[in-house]
Amino acid sequence: MTKFTLWRWTLGVWAGLLLCSVAHASDAPARTQANACPALLQHTVLRLQDEKPQSLCQYSGKVVLVVNTASFCGFTPQYKDLEALHAKYASKGLVVLGFPSNDFAQEKATNKEIADFCENTFGVKFPMFTKTVVTGADASPLYKQLSDLTGKKPSWNFFKYLIGRDGKVVDTFGSMTNPSNRSMVSAVEKSLAAVN
């Protein structure tokens with residue numbers, strides 16, 4: 001190998017290493033963003049309409065309101081107010097996540113029936129997920145984590161957990177607290193205004 005060929009080969013190796021390090025550095029924001037998903041949102045759940053897996057990490061950086069719902073409950077009309085809350089504040093970073101549950105024996109038999117009921121009766125557009133166990137030993141991992149973090153588990157349908165942009169639980173609201181309640185709206189607005 002001549003000196004010129006050796007020099008060209010060495011230059012090529014260094015150029016390749018430089019390109020690799022630049023490419024690696026450009027991946028850093030994506031990796032950081034993926035790692036930024038808070039532990040509370042590191043769950044995969046099934047979408048109600050088609051039962052396709054959904055990562056809750058897609059809601060990182062948003063204010064999240066997690067609600068266990070039911071179709072045959074005295075609080076079922078809260079769907080309308082949850083949808084209104086979601087519609088009013090979605091552009092500012094709020095997302096309502098509905099988890100139908102039969103823990104209190106007030107939910108329909110199939111996910112399709114639940115989806116049709118929510119859409120046709122209350123015009124629900126916020127994300128909804130398949131029927132979920134929210135209490136006891138068989139509670140879903142998300143609900144186990146929420147219960148462990150707050151010391152509170154749903155005692156009935158339409159129990160609400162408010163999660164801040166940082167992925168930490170801000171507050172809980174019982175079934176009696178309507179989503180249009182001033183204290184709840186105030187907590188949502190305060191969480192939306194908070195900077196991560």
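This is a predicted model: local features need pLDDT of at least 70, side-chain atom pairs count only at pLDDT 80 or more; totals for chains, interfaces and linings use all residues.
Packing is judged by contact, meaning heavy atoms within 4.5 Å. The helices (H or I, at least four residues) and strands (E, at least two) are DSSP runs, numbered from the N terminus.

Residues are numbered from 1 along each chain as its sequence is written, and side-chain values use heavy atoms, with hydrogens and water left out.

Now step back to the whole chain. Its secondary structure comes to five helices and six strands, in the order α-β-β-β-α-β-α-α-β-β-α from the N terminus. Of its 196 residues, 42% are buried. Among contacts between residues at least 6 apart in sequence, 66% join residues at least 24 apart.

Back to α2, which covers residues 78-89. The expected span of a helix is 1.5 Å times one less than its number of residues. Which residues of α2 are buried? They are Q78, Y79, L82, E83, L85, H86 and Y89. Seen down the axis of α2, these fall within an arc of 160°, so they line one face of the helix; the arc is that of the directions from the helix axis to the C-beta atoms. The face turned away from the buried side of α2 carries the exposed residues K80, A87 and K88.

Helix α5 can be read in the same way. Its twelve residues should span 16 Å, and its end C-alpha atoms agree at 16 Å apart. Buried in α5 are M184, V185, A187, V188, S191 and L192. Because they fall within an arc of 160° seen down the axis of α5, they line one face of that helix. What covers them includes β3, α2, β4, β5 and β6, while R182, K190 and A193 are exposed on the face turned away.

In the loop between β6 (169-173) and α5 you will find S175. Is S175 buried or exposed? With 8% relative accessibility, S175 counts as buried. Its side chain reaches the backbone oxygen of N157 at 2.5 Å. Not counting residues up to four places away in sequence, S175 touches F75, Q78, W156, N157, F158, F159 and K160.

Two other loop residues deserve a look. E51, between β1 (44-46) and β2 (53-55), has a phi near 60°, a positive value in a residue other than glycine. E51 is partly exposed, with a relative accessible area of 43%. A105 sits in the loop between β4 and α3, and its phi is near 55°, again positive in a residue other than glycine. At 65% relative accessibility, A105 counts as exposed.

Note on methods:
Buried means under 20% relative accessible area, exposed over 50%, partly exposed in between (1.4 Å probe, protein chains only). A polar contact is a pair of N or O atoms within 3.5 Å; within protein, one must be able to donate a hydrogen and the other to accept it, and residues adjacent in sequence count only if both atoms are side-chain atoms.
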